[in-house]
Every structure is written in structure tokens, then in C-alpha cells.
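Here is a short briefing on a two-chain model.

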Amino acid sequence: MRPATWLVPLGKWVAQGIGFFFVLTIISFLIVQLAPGDAVLSMLRIDTVAVTQDEIEALRNELGLNDPAWQQYVRFLGGVLQGDFGASLMTGKSVMGELSKAFPYTLMLAGATMAVVIVITFVLGGLAARFRGSLVDKGVAAFCTAGAAVPTFWLGLLLIDLFAVRLHILPSSGMATAAGLVLPTVALAIAIAPPYIKILRNSLIEASGREFVRAARARGVTESVIFGKHTLRDSLIPLVTILGVSLGSLLGGTVIVEVTFGIPGVGKLAVEALARRDYGVIQAFIIVVGMAIFVINLLVDLSYRALDPSISLKGAERA
Amino acid sequence: MTKLKIDWGVAAVLLLLGVLMIGPLLAPQDPELVDLAVRLQGPSSAHLLGTDNLGRDILSRVLTGAQVTVGLSLLALSLAILIGVPLGLVSGWIGGRFDWVIMRIVDTFIALPDYIVAIVLSGLLGPGFVNMLIAILAVKWVGYTRLVRSLVLQEKTRDYLMISKLAGGSNSRILRQHMVPHIVGPTLALATMDIGKVILLVASLSFIGMGVQPPSPEWGAMLNDGRAYFAQAPELMVIPGLAIFIVVASASWLGDQLMKRFTISPEDERMTSVLA
């Protein structure tokens with residue numbers, strides 16, 4: 001591929017990334033400005049200690065809360081760019097430290113879930129397409145309907161009840177060992193897989209009727225080669241498209257699963273921070289998760305281009 | 001499948017939703033009545049589905065909770081349509097700077113996952129019925145704006161619209177007479193597919209303690225309340241979860257049926273399925 005066709009979208013992505021970053025910082029800055037409750041009053045523990053109006057004003061000046069909003073924003077932005085979100089109200093430790101401690105758990109959960117989703121998708125989607133209209137196909141369809149309708153947290157609780165409380169095979173919460181990852185991953189994967197399975201099934205069926213597949217078959221190419229070289233590749237494109245759309249739901253799902261299973265990941269941290277109005281953590285969560293999603297979408301876009309050459313060509317034409 | 005058979009299925013689902021809407025009237029007992037003498041009891045003739053950790057009647061709580069969970073979801077979805085559809089219609093039709101601003105807002109919302117936005121928003125606003133409504137509205141209007149806008153852009157270039165314009169048709173007349181008929185089907189299809197998702201979102205928010213607060217009997221909140229007692233009384237976990245599951249599954253089945261019934265072009269169908 002010629003570099004020129006890559007450089008143009010690259011510039012666009014960088015510009016988009018910077019723009020999105022600013023939007024996220026503005027949102028998280030505004031959240032604290034607009035949120036109910038006064039940080040100064042809670043810092044002074046006004047309900048337990050008697051303070052004068054002067055003391056409140058002094059602290060306000062010291063924290064720069066009386067400066068114009070744009071000055072406060074610039075200061076906030078300066079901190080963000082250095083990865084400094086201040087200290088967590090809950091623990092007193094640095095917000096960035098707390099977040100980077102929690103991040104690996106979420107990443108592990110999301111990664112393991114995605115791996116399971118991919119396996120389930122190819123097995124069930126492939127089977128349903130291969131035996132179209134059969135009992136297998138109907139069974140897969142029923143699994144998809146059920147999986148999409150079952151609340152993740154309820155499935156999680158049922159799994160805990162069965163495997164941890166009754167059978168004592170797997171731990172009920174936490175991620176002290178790798179075994180702790182099994183139940184949360186299964187619960188989340190079942191909720192996320194159905195649209196992938198349906199799309200792979202339909203596009204496999206659609207692709208197998210395409211002219212180039214029939215032509216290959218007429219040339220005497222074996223079925224397995226046709227599947228590997230033509231049908232599958234053609235079917236991956238819609239799959240990757242929906243991947244970008246639903247990676248967001250994966251991250252949203254990790255929040256619920258982390259709370260259900262007591263996994264100390266980013267989602268659980270954010271939920272606890274929200275309950276205690278720990279704004280530094282919430283701000284960091286919005287910016288870090290937002291940027292993570294941006295990068296993931298970029299990667300999806302890239303793989304999409306790699307799979308479908310006509311898209312990068314179109315992009316080059318437009319540029 | 002014959003036509004009659006489908007109608008029976010749809011009728012059954014609608015009946016279920018109808019029963020849920022009048023759920024509180026069917027509740028045999030006060031859903032918030034605490035009676036510690038009968039706490040954590042299994043099913044009996046007095047309490048058909050048993051009692052929870054405070055001795056409250058589970059059947060009554062599930063029936064009353066329906067109105068909170070399903071009612072709130074339907075209300076939020078209707079409001080999202082009422083806001084999202086006109087915005088998409090106007091944005092696509094007049095275009096220009098207005099469209100640019102609306103689309104950048106839409107892009108921002110789409111870039112952030114539904115659950116994350118709803119959780120952060122309802123966490124910041126605090127628990128409660130109205131705050132939850134706002135949080136769900138905030139994540140759901142976007143899909144309708146985007147869908148309707150792209151439908152408008154698709155139609156905008158057609159010859160008959162040009163002719164209607166040349167004939168002196170006013171903007172609002174063209175939108176009402178020519179655009180609205182094109183967007184009703186896909187919008188309804190997206191809405192029916194959204195119902196189940198919104199119910200799951202409402203229950204999830206309540207489960208993590210950010211939705212409707214106890215003692216109000218919301219299904220997700222009931223699951224959260226009863227967590228500590230699941231080993232002693234599995235009904236506490238099984239029944240509210242099953243209620244959510246049945247309602248969401250029926251709603252999405254209904255959505256599928258409606259999708260098939262509306263004459264939707266393949267492009268529209270692909271668009272709604274990607275958005276949903």
C-alpha cells in the first residue's frame with residue numbers, strides 16, 4: 001500500500017483524536033462545575049467542625065475557585081496533560097495511581113471476554129450457517145434470543161450461585177486467581193455474543209451464494225479452501241463493522257460485571273467514586289475511558305480497511 | 001408461520017405488557033409492607049412466591065415493580081423518540097451549520113458507550129425516578145436523530161421532492177407529507193428493538209444502586225437488596241431476574257415480528273440493526 005493513502009486519514013485521525021480529547025476534558029471539567037454539592041464545604045467537614053465564612057473564602061482563594069472559569073479550565077487541562085488528576089477523596093492516593101492499578105483488571109476481563117466471544121461466534125455462527133434451517137440453526141437462534149434478553153448481572157448471580165455457592169468449583173468474587181476470571185467472562189460473553197453470531201451466520205450464508213464463490217466452486221476449488229479464502233473473508237467485513245459499534249457495550253458491560261463479581265477494575269472504581277462524589281476519579285474515568293474507546297475504534301477502522309481494500313481506495317479518492 | 005399464529009403471539013405479548021402495566025392493582029398485598037415474622041419464607045398460600053428478607057410479599061413486589069421498570073423504560077423511550085426524531089428531521093432537512101453542530105453532539109454521544117454515559121450521569125444526578133429518566137433519555141435520543149437524519153438525506157435528493165418544492169410546498173408541508181411516512185417504519189422498528197435494551201439498562205442501573213431506590217420495588221433493585229440472602233432464599237434472586245428476562249425476551253420477539261411486518265427496505269433494515 002502506498003504511504004500517501006495512509007497519511008491523509010492519519011492526519012484526520014490525529015485531528016479527530018485531539019478534538020475528542022478536548023471535548024472529553026470540557027465535559028469532565030463542566031461536570032464538577034455543575035454537579036450539586038460544594039467541594040470546599042465537604043473538605044472543611046462543615047457538619048462536624050465550625051468554620052467561619054472567612055475561612056471558607058480563604059480556602060476558595062487558595063484552591064483558585066474564585067478565578068474565572070477559563071483559568072480554572074486551563075489549570076485543569078494542564079494537570080490532565082501531565083496525567084495529574086489530583087488525589088482521590090476516598091483513598092487520598094493519586095487518582096492516576098488508583099486508575100492504573102484498576103486498569104489491568106478491566107483489560108483482562110474485556111480481553112478474555114472478547115476471546116470467548118470470538119470463539120463462540122465462529123463455532124455457533126459457523127454451525128448455524130452450515131446447517132441452515134436445521135435444529136442446530138434453531139438452537140443457535142434460541143441461544144441468541146436468550147443471551148440478548150438475560151440481564152448480565154442476573155446471569156452472573158445465577159452462575160455464582162451454581163458454581164461457587166453450590167458446587168464450590170469456582171470463586172464467587174474477586175480475581176485473586178485466574179479461576180476468578182471464568183464466571184465474569186462467561187456472563188459477559190453470553191450477553192455480548194448474540195449480535196456477532198447472527199451477523200456471521202447471515203453473512204456466511206449470503207457470501208456462499210456470491211458469484212465469486214460459485215465461480216470458485218465451478219473451478220473445482222475444495223470447500224475448505226473456498227471457506228477460508230472467500231466466504232470467510234467476505235463475512236468478516238460486516239463482523240468488524242459491528243465490532244466497532246459493540247466494543248462500547250463491552251466496556252459498559254464490564255462495569256456491571258465488575259460490580260456483580262467484585263472485581264477491582266475501572267468500572268467498579270468509577271461506580272464507587274460516583275457514590276462518594278469523588279470527582280477526580282470520575283473525571284479521570286471519563287477521559288481515560290473515552291480516549292481508550294477512541295483508540296479502539298481507530299484500530300477497528302484500520303482492520304476494516306485492511307480487510308476491504310475498496311474502502312482505503314475510496315478514502316484516497318476523497319482525499 | 002400463518003398470519004393468524006403471529007397475531008396470537010403478538011396478542012399474548014401485548015397482554016403480558018398490559019398485565020404488567022396494571023400490575024400494582026393485581027398485587028395481593030402491600031409491596032412495601034414489612035413483616036419480620038415471615039421473613040425469607042418459601043412459597044405458601046399466603047405468599048405465593050414467598051417473602052423477602054424484610055418479610056415483604058415477593059409476588060406483590062414483582063407485580064408493582066413492573067410498573068417502575070417497564071413503565072420507566074417505555075416513558076424514557078417515548079421521550080427519546082419525541083426529541084430525537086424532530087431533531088433528525090430538521091437537522092437533515094435544513095443542513096448547514098445547524099446540522100453540523102447537531103451531528104458533532106451526536107458523534108460525541110455515539111463515541112461514548114450507553115452504559116458508561118448512563119451510569120456516570122445517573123451517578124452524578126443521584127438516584128431517583130426522574131434522574132434515571134434523564135440518564136436514559138440522554139443516551140437514547142441519539143440513535144433516533146441519526147437514523148431519521150440519514151433517512152431524510154436519502155429522500156432529500158429524490159425528484160418528487162424537488163417538484164414539490166418547485167410547486168411551492170412549504171418546508172413543514174413537505175416534511176409532514178413526504179418525509180414522515182418514510183421515517184415511521186424504521187423509527188418504530190428501532191424503537192421496538194430498543195425496548196428490551198432500555199429495560200435491561202434500567203434494571204442494571206438499579207442493580208448497581210444508581211436507579212430507583214428502595215423500598216420502591218424495582219426489579220434490578222430487588223435483586224440488589226436480596227443479594228445477601230440468596231443462599232437461604234433462591235426465590236429472591238430467581239423471580240425478579242426471570243421477570244426481567246421474560247419481559248425483555250417478549251419485547252425483542254415483538255420487535256422482530258414488527259420488523260418483518262413493516263415494509264422496510266433492506267438499507268433501512270441494515271441501518272436500524274447497526275444502530276440498535
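A nonpolar core is a set of buried Ala, Val, Leu, Ile, Met, Phe, Trp, Tyr and Cys residues joined through C-beta atoms within 7 Å. A residue is buried if 20 or more other C-beta atoms lie within 10 Å of its own, exposed if 12 or fewer, and partly exposed in between, with C-beta atoms placed from the backbone. The model is predicted: local features need pLDDT of at least 70, side-chain atom pairs count only at pLDDT 80 or more, and totals for chains, interfaces and linings use all residues. Residues are numbered from 1 along each chain as its sequence is written, and chains are lettered from A and ligands numbered from 1 in the order in which they are written.

**Core**
- The largest nonpolar core holds 138 residues, and A:Ala270, B:Ala118, B:Ile136 and B:Ile199 touch the most other members.
- Helix α3 (residues 58-94) of chain B is the top contributor to this core, with 15 residues. Helices (H or I, at least four residues) and strands (E, at least two) are DSSP runs, numbered from the N terminus.
- In chain A, domain 1 (1-82 + 267-319) and domain 2 (104-241 + 253-264) both give residues to this core, so it lies between them. These bounds come from an automatic or database domain assignment.
- Beyond its neighbours within four places in sequence, B:Ile136 is in contact with B:Ala76, B:Ala118, B:Val198, B:Leu201 and B:Val202. Contact here means C-beta atoms, placed from the backbone, within 7 Å.

**Interface**
- Chain A brings 34 residues to the contact and chain B brings 30 residues.
- On the side of chain A that touches chain B, α1 (3-34), α6 (135-149), α7 (152-166), α10 (223-261), α11 (266-275) and α12 (279-307) each supply at least two residues.
- α10(A) gives the most to that side, with ten residues.
- By class, that side has 27 nonpolar, six polar and one charged residues. Ala, Val, Leu, Ile, Met, Phe, Trp, Tyr, Cys and Pro count as nonpolar, Asp, Glu, Lys and Arg as charged, and the others, Gly among them, as polar.

**Chain B fold**
- Chain B has eleven helices and zero strands.
- Of its 276 residues, 45% are buried.
- Among contacts in chain B with a separation of 6 or more, 70% join residues 24 or more positions apart.

**Single residues**
- A:Arg277 lies in the loop between α11 and α12 of chain A. Its phi is positive, about 55°, although it is not a glycine.
- A:Arg277 counts as partly exposed because it has 19 C-beta neighbours inside 10 Å.
- B:Ala189 lies in helix α8 (residues 171-207) of chain B. With 25 C-beta neighbours inside 10 Å, B:Ala189 counts as buried.

Technical notes: Contact = placed C-beta atoms within 7 Å.
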